[in-house]
Amino acid sequence: MKTPFEKIRSLVEKRNYFQELIQRQEAIVCKDDRDHLFSLMPKKIVDESDLQGIGVAIDSLPDKNGNIIGNFGIGEEKFVFHGSMTMQSFSEVTLSIDCDLFKLQRRTHVRLQIEPEVRLHLIITKYKGRSTYIEAQVSDISAGGARIHFPEFPVHSHPGIATARNPGLRAGEKFMCVVHPPSGKTIEVMCEVKHQLQSAVLGDEMDQFGCEFIELTPLVKNRLLAMSMDLQKKIVAGK
């Protein structure tokens, strides 16, 4: 996967970013290795090395110490980090400032480009009121949408069950699909086609469709965010 991340290496610079979060009273969205999704409201820096804050459940709070991945924004700049967390009490959390901190490209949702070896695809299950089983490959994805294309044959599904033929998508149309991320934790979501373009995929020119995830419940929003953070973790772990 191509990475939109720039690593912050200076401990002083990391400390300054977290100090600014405290001053702005900006929350950090976090996820631990057991898929607990929560917000961390930073309160103070202790011994110039740890950030103390209060955890607030988005779906649930962590119940033990461990590693977390987190996202936060300062103005137009977006950041992601991966580091160790210690539970001081039920909701009091301490984060090591000397974590892996990365600055991201400037956009509301971090859009991650997906290489073919990553097992990420979606299945269109309903289109124009009809049940379908059509596999689409994901070129890039974020918590807000995806860019998809249709290969000549299904890559991840049994050819006797799925097809990979474009059903005739057009801008403005909606379809229901199931996103299949590498974790295996599938997510059912409604999509709206926003635009169509022709571009090269593995050297071949083909139609690609920019799709927005719509009509999202809080639960689905959280699951999409967790999926995006899992993909971010794969990138930063290999950097």
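Q: In this predicted model, which residues does Val 179 touch, leaving out those up to four places away in sequence?
A: Val 179 touches Leu 120, His 121, Leu 122, Ile 141, Lys 185, Thr 186, Ile 187, Val 189 and Met 227.

Q: What makes up the largest nonpolar core, and which residues have the most contacts inside it?
A: That core has 26 residues, and Val 179 is on the list of those with the most contacts, along with Ile 141, Ile 148, Phe 150, Leu 169, Phe 175 and Val 189. At least two residues each come from β10, β11, β12, β13, β14, β15 and α2. There's also a second, separate core of 23 residues, with Phe 38, Leu 61, Phe 81 and Val 93 among them.

Q: Why is Cys 177 called buried?
A: Its relative accessibility is 0%, and buried means under 20%, so Cys 177 counts as buried.

Q: What about Cys 211, buried or exposed?
A: Cys 211 comes in at 6%; the cut-off is under 20%, so Cys 211 is buried too.

Q: What lines the largest cavity?
A: Lys 31, Asp 32, Asp 33, Asn 67, Ile 68, Ile 69, His 82 and Lys 233 do, and β5 gives the most, with 3 residues. By class, that's 2 nonpolar, 2 polar and 4 charged. The space inside is about 30 Å³.

Technical notes: Residues are numbered from 1 along each chain as its sequence is written. This is a predicted model: local features need pLDDT of at least 70, side-chain atom pairs count only at pLDDT 80 or more; totals for chains, interfaces and linings use all residues. Side-chain values use heavy atoms; hydrogens and water are left out. A nonpolar core is a set of buried Ala, Val, Leu, Ile, Met, Phe, Trp, Tyr and Cys residues joined through side-chain atoms within 4.5 Å. Buried means under 20% relative accessible area, exposed over 50%, partly exposed in between (1.4 Å probe, protein chains only). Helices (H or I, at least four residues) and strands (E, at least two) are DSSP runs, numbered from the N terminus. Contact means heavy atoms within 4.5 Å. On a 1 Å grid over the protein atoms alone, a cavity is a set of points where a 1.4 Å probe fits but cannot get out, and a pocket is an open set with protein on both sides within 12 Å along at least five of seven lines; lining residues have an atom within 4 Å of a point. Grid points are joined across faces, edges and corners, and a volume is the space filled by probe spheres set on the points. Ala, Val, Leu, Ile, Met, Phe, Trp, Tyr, Cys and Pro count as nonpolar, Asp, Glu, Lys and Arg as charged, and the others, Gly among them, as polar.
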